[in-house]
Amino acid sequence: MADMCFPGGKRKALTLSYDDGVEQDKRLLDIMAKHGLKGTFNLNSGAYAPEGHVWPAGQVHRRMSKSEVTRVYGESGQEIAMHTYQHPDLTGLLPTECVWQVMRDKEALEDQFGRVIRGMAYPYGTFSDPVVDILKNCGVAYARTVQSTGDFFLPGDWLRLPATCHHDDPRLMPLARKFAGEERPWRPMLFYLWGHSYEFEANDNWRVIEEFAAYMGGRADIWYATNIEIYDYVQAYRRLHISADGRRAENPSAIPVWVRANGKTVAIAPGETAALT
Ligand SMILES: [Zn+2]
């Protein structure tokens with residue numbers, strides 16, 4: 001058995017996922033940077049505010065302009081992901097329209113940030129089997145729903161990706177304490193938190209994320225990663241070639257992979273074969 005560990009041999013990972021590209025993300029990014037948290041920001045590239053404005057002015061849900069979005073997220077070290085071009089309910093669209101909403105957003109974000117964009121969150125959390133099929137064909141690696149599991153299992157279906165919980169879930173801190181308190185996880189654990197940062201202003205509860213970040217940040221046994229980093233790592237683990245006798249593992253991917261085998265933690269470098277005994 002070559003059990004998956006996260007980078008560095010860790011058994012826990014934490015990621016955040018926040019939607020819509022609203023102005024309050026600036027404060028959230030500061031909190032994340034202060035405590036070393038990583039995550040993903042899901043953007044609608046067809047719904048930016050006019051330059052020099054936030055939109056709609058005076059409301060709590062305020063989108064930023066394109067240049068502001070580029071500046072705020074571009075150098076943040078966080079992942080940029082799709083949230084469709086104009087935030088429609090994808091289950092109500094014709095297939096061609098659904099393809100366009102996804103691919104238009106992907107292309108616009110890739111042009112804007114100069115990188116390949118592969119992650120997504122469903123607008124309104126709505127999806128269907130035909131929508132999932134379209135995403136597969138559009139090269140979407142994972143797509144987050146708004147379902148909460150209250151658990152730390154790794155996703156089985158990355159295109160119907162649930163979260164552990166929303167930040168307003170009353171289970172947030174009990175789950176955080178359960179996650180942080182697990183000293184010898186028998187399996188890899190993922191804490192996946194989602195929300196919208198405008199909700200902190202609407203509910204006047206920035207203390208919720210400040211408390212969570214202060215509690216969960218800076219821990220040696222947690223891997224702080226974006227959604228796509230976790231996705232890519234799990235794929236690299238799954239691609240390992242294991243010998244018939246279980247004594248050797250070959251890593252054909254481009255990233256190092258850590259496993260636990262025979263009571264030891266072993267790092268397998270990209271392109272290398274490692275002994276597991
Ligand atoms: Zn949204």
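Two strands count as paired if DSSP finds at least two bridges between them. Helices (H or I, at least four residues) and strands (E, at least two) are DSSP runs, numbered from the N terminus. The model is predicted: local features need pLDDT of at least 70, side-chain atom pairs count only at pLDDT 80 or more, and totals for chains, interfaces and linings use all residues. Residue numbers start from 1 along each chain as its sequence is written.

**Figure 1. Strand E2 and its parallel partners.**
Strand E10 covers residues 222-224 and pairs with E2 in the parallel sense over 3 bridges. E2 also pairs with E9, again parallel, over 7 bridges. Here Ser17 stands opposite Trp194 in E9. With E3, E2 forms 4 bridges in the parallel sense. The bridge partner of Ser17 in E3 is Thr40.

**Figure 2. Both faces of E2.**
A residue is buried if 20 or more other C-beta atoms lie within 10 Å of its own, exposed if 12 or fewer, and partly exposed in between; C-beta atoms are placed from the backbone. Of the 8 residues of E2, 8 are buried, so the strand is largely enclosed by the rest of the structure. Lys12, Leu14, Leu16 and Tyr18 point one way. Ala13, Thr15, Ser17 and Asp19 point the other way.

**Figure 3. The buried face of helix H1.**
H1 spans residues 25-35, and its buried residues include Asp25, Leu28, Leu29 and Met32. Seen down the helix axis, the buried residues of H1 fall within an arc of 100°, so they line one face. The arc is that of the directions from the helix axis to the C-beta atoms. An α-helix has 3.6 residues a turn, so residues three or four places apart point the same way. The cover over the buried residues of H1 includes strand E2 (12-19), strand E3 (39-43), helix H2 (66-74) and helix H7 (206-216). Gly36 follows H1 and has a positive phi, near 75°.

**Figure 4. The largest nonpolar core.**
A nonpolar core is a set of buried Ala, Val, Leu, Ile, Met, Phe, Trp, Tyr and Cys residues joined through C-beta atoms within 7 Å. The largest has 67 residues, and Ala13 and Ala143 have the most contacts inside it. Strand E9 (residues 189-195) gives the most to this core, with 6 residues. The core draws at least three residues from each of domain 1 (8-237) and domain 2 (241-275). Not counting residues up to four places away in sequence, Ala143 touches Met120, Ala121, Tyr122, Phe127, Leu135, Leu159 and Leu161. Contact means that the C-beta atoms of two residues, placed from the backbone, lie within 7 Å.

The chain is divided into domain 1 (8-237) and domain 2 (241-275). These bounds come from an automatic or database domain assignment. The domain centres, taken over C-alpha atoms, are 30 Å apart. The contact takes 6 residues from domain 1 and 5 residues from domain 2.

**Figure 5. An open antiparallel sheet.**
Three strands form this sheet in the order E11-E12-E15, with antiparallel pairing. Strand E11 (241-242) and strand E15 (273-275) stand at the edges, each with a single partner strand, so one side of each is left without a neighbour in the sheet. E11 joins strand E12 (residues 248-250) through 2 bridges. Ile242 stands opposite Ala249 in E12.
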